[in-house]
Amino acid sequence: RRIMHEKNLDVCLLLDFYGDLLPEKQRMFLDCYYNEDLSLAEIAEIYGLSRQGVLSVIKKAREELFVFEEKLRLKQKYYTAGNMAETANEHIKALYAMPGLPPECFIHLKKIEEIIDMLSERKDYVSKSR
């Protein structure tokens, strides 16, 4: 069950990154199925298709999302950037804790924190856009 939940989150994240690259029908069906949590039958009823037809569109769209990720690696870069920001923040905290740090270092550390915050806001935009 957990593996299925993780796969759903994975598809949702890939949809955030690459959804605009999909044909509109594929993007709408994935959004309905993964983000709106509609069943295949509900989507089929809304769009006047068979349940099997909806499943076919969703499977094709999922495959395309994973191909995009394989080639562009945006999701991988997203997680790498987050991990790097956490590591940088840990180092900044360690520097703040050092006794006798010259006052000018605090100015530079504050600037570095601001840069990390800006990069984190940019990274967080993807998850907020859902």
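Visitor: Which residues form the negative surface patch?

Guide: In this predicted model, numbered from 1 along each chain as its sequence is written, local features need pLDDT of at least 70, side-chain atom pairs count only at pLDDT 80 or more, and totals for chains, interfaces and linings use all residues. Side-chain values use heavy atoms, without hydrogens or water. The negative patch consists of E36, D37, E42 and E45.

Visitor: Where is E36 placed?

Guide: Helices are DSSP runs of H or I with at least four residues. E36, one of the patch members, lies in the loop between α2 (24-35) and α3 (40-47).

Visitor: How much accessible area does the nonpolar patch of L21, L72 and L74 have together?

Guide: L21 is located in the loop between α1 (2-18) and α2. Together, L21, L72 and L74 have about 250 Å².

Visitor: Is K75 buried or exposed?

Guide: K75 belongs to helix α5 (residues 74-96). Beyond its neighbours within four places in sequence, K75 is in contact (heavy atoms within 4.5 Å) with D10, L13, L14, F17, Y18 and E69. Its relative accessible area is 17%, so K75 is buried.

Visitor: What share of the 130 residues in the protein chain is buried?

Guide: The protein chain has 6 helices and 0 strands. Of its 130 residues, the buried share is 28%.

How values were computed
Helices (H or I, at least four residues) and strands (E, at least two) are DSSP runs, numbered from the N terminus. Buried means under 20% relative accessible area, exposed over 50%, partly exposed in between (1.4 Å probe, protein chains only). Patches are made of residues with over 30% relative accessible area and no salt bridge: like charges are joined within 9 Å, nonpolar side chains (Val, Leu, Ile, Met, Phe, Trp, Tyr) within 5 Å. Accessible areas come from the Shrake-Rupley method with a 1.4 Å probe; for residues, only the protein chains shown count as cover. A salt bridge is a side-chain nitrogen of Lys or Arg within 4 Å of a carboxyl oxygen of Asp or Glu. Lys and Arg count as positive and Asp and Glu as negative; His and the chain ends are not counted. The place of a charge is taken as NZ of Lys, CZ of Arg, CG of Asp or CD of Glu.
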